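These are my notebook entries on a single structure. I set out to look up its nonpolar packing, its aromatic pairs and its surface.

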Amino acid sequence: MHLGFVWRICTVAALGGLLFGYDWVVIGGAKPFYEQRFQIAADPLAQGVAMSTALWGCLAGAALSGRLADQIGRKRPLALAGALFTVSAVATALACDLTTFNVARFVGGVGIGLASNLSPLYIAEVSPAGLRGRLVSLNQLLLVIGILAAQLVNWRLASDVPATAEGAALAATWCGRIGWRWMFAAETIPAVGFWALALLIPESPRWLVKAGRPDDARRVLARLGDDAYATAELSAIQASTAARHEPPFRLGRLLEPSLRRPLLVGAGLAVLQQWCGINVIFNYAEEVFRAAGYQVRDIMFVIVVTGLVNLLFTLVGMAAVDRVGRRKLLLFGAGGLAALFGALGACYFVGSQGPHMVALVLASIACYAMSLAPVTWVVISEIFPTRVRGTAMSAAVVALWLACSLLTFTFPWLNSRLGPAGTFWLYAAICAGGLIFIALRLPETRHRSLEDIERDFAGP
């Protein structure tokens, strides 16, 4: 194998994850400043629209990504995502009114939706079986780095804002006038780089076979390995795909009996990754640290700490995914979060305070970062047949973003009705259900070719 070349093209594809993470998180640091600039600080509806516009773009991009991936390949839609990230970064930074701001955020959301599907899909299709888990997890690593980069940029640009500044005083600061725009503009350089580099990577050999271009596929496979590797892989892909002998794919064919099992597993894991409740942890970070008795002057710095933990344990997950296996890590993640959330709920229920609250928060983030966060993307990039992988994975990613939307919109209501203790216990129960689902439905996929996995999921 030409591992240096494989790592380089996978890193380029994973830049989509970096931009995904940055674009998703950066708005949190800019929120108090653009709300004052656009005079929506007292308008909850306008605030909600501004915060959720990118999410609706994610849904549109994820829905579009499957058809694009199956019709024109993996490479060109990745470049399109880079272009959308670039346009969004510039337009958001220069937005002169709320409408322009929301349109620009929607465009960035479409880029996120495309990248969240296409980056792991492309990496899975060019990776050797023994390294596929680690290479697909590279996308999650860069996503976490993107999140941390956004947190650091937000923290640094807002570091000169007085802790007591609010309202008009906040808007009058440098960050209130100009600095928040640089939070978005900082994305432009990596976005342009991703756009350009995505045009230089080779097309997925599996898509080339599906498109009836076996000679092009052989050339790409020879660059990934050698002539012997290219011959063996091409033979296996052609036997699995038989693309030229199948009718054109239609969305309704996702309901075929042979696809029901992988779709159930893929969509189930995607929903579990969101409904496991880790976003609740991030929403409660400030309250939990305060409950532990700490005087946190700079909330953004606390978020940076959680981002560092997230990054560290993502590296642990990357090291383990091809050694320990997907199934074991997912079982560990679902079971661990169920226990940790149960403990957090109990602490809230009895009004407990102290350093143990901080330890439980960081342990939950660590547990998620090394299991459900990266491994879900690995599994849903592996389990679908080559002939429908783009569309089927798109369906799983749409399920993920719908679950994220539902979690986002229901959390305030759940918190008001159930309280912090009840909310954590609810998510603990969901994680326990996820543990049972994984144990019953997910076979181990490590060190197996995509074609072998396809045959396994096609069975009864």
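I count two residues as in contact when heavy atoms lie within 4.5 Å. The model I am reading is predicted.

**Entry: Val375.** I looked up Val375 under that criterion. Leaving aside neighbours within four places in sequence, I find Val375 in contact with Val321, Arg326, Leu329, Leu330 and Met370. Val375 belongs to helix H18, residues 372-382. I record Val375 as buried, because its relative accessible area is 0% and buried means under 20%. I also noted a separation of 9.6 Å between the C-alpha atoms of Val375 and Gln273, which are 102 residues apart along the chain.

**Entry: nonpolar cores.** I next asked which residues have the most contacts inside the largest nonpolar core. They are Leu78, Leu224, Ile281, Leu330, Leu337, Phe341 and Trp401, in a core of 116 residues. Helix H19, residues 389-441, supplies the largest share of this core, with 15 residues. For Ile281, I list Phe341, Leu344, Val361, Ser364, Ile365 and Phe424 as the residues touched, not counting those up to four places away in sequence. Another core, of 20 residues, lies apart from it and includes Val26, Ile27, Ala93 and Ala95. As background, I note that nonpolar side chains tend to be buried together in soluble globular proteins.

**Entry: aromatic pairs.** I find 11 aromatic pairs in the structure. Trp180 and Phe184 are both buried.

I then turned to Phe349 and Trp425, an aromatic pair that is tilted, with 5.5 Å centre to centre and 45 degrees between the planes. This pair links distant parts of the chain, as Phe349 is in helix H16 (residues 326-349) and Trp425 in helix H19, 76 residues apart. Phe349 counts as exposed because its relative accessibility is 60%, whereas Trp425 is partly exposed at 36%. Finally, I recorded a cluster in which ring pairs link Tyr34, Phe38, Phe101, Trp180 and Phe184.

**Entry: surface.** Which residues make the nonpolar surface patch of about 400 Å²? I find Trp195, Leu197, Leu199 and Leu200. Leu200 sits in the loop between helix H8 (188-198) and helix H9 (205-210). With 66% relative accessibility, I class Leu200 as exposed.

Key: Residues are numbered from 1 along each chain as its sequence is written. This is a predicted model: local features need pLDDT of at least 70, side-chain atom pairs count only at pLDDT 80 or more; totals for chains, interfaces and linings use all residues. Side-chain values use heavy atoms; hydrogens and water are left out. Patches are made of residues with over 30% relative accessible area and no salt bridge: like charges are joined within 9 Å, nonpolar side chains (Val, Leu, Ile, Met, Phe, Trp, Tyr) within 5 Å. Accessible areas come from the Shrake-Rupley method with a 1.4 Å probe; for residues, only the protein chains shown count as cover. A salt bridge is a side-chain nitrogen of Lys or Arg within 4 Å of a carboxyl oxygen of Asp or Glu. Helices (H or I, at least four residues) and strands (E, at least two) are DSSP runs, numbered from the N terminus. Buried means under 20% relative accessible area, exposed over 50%, partly exposed in between (1.4 Å probe, protein chains only). A nonpolar core is a set of buried Ala, Val, Leu, Ile, Met, Phe, Trp, Tyr and Cys residues joined through side-chain atoms within 4.5 Å. Rings of Phe, Tyr and Trp (its six-membered ring) pair if their centres lie within 6.5 Å; planes under 30 degrees apart count as stacked, over 60 as edge-to-face and the rest as tilted.
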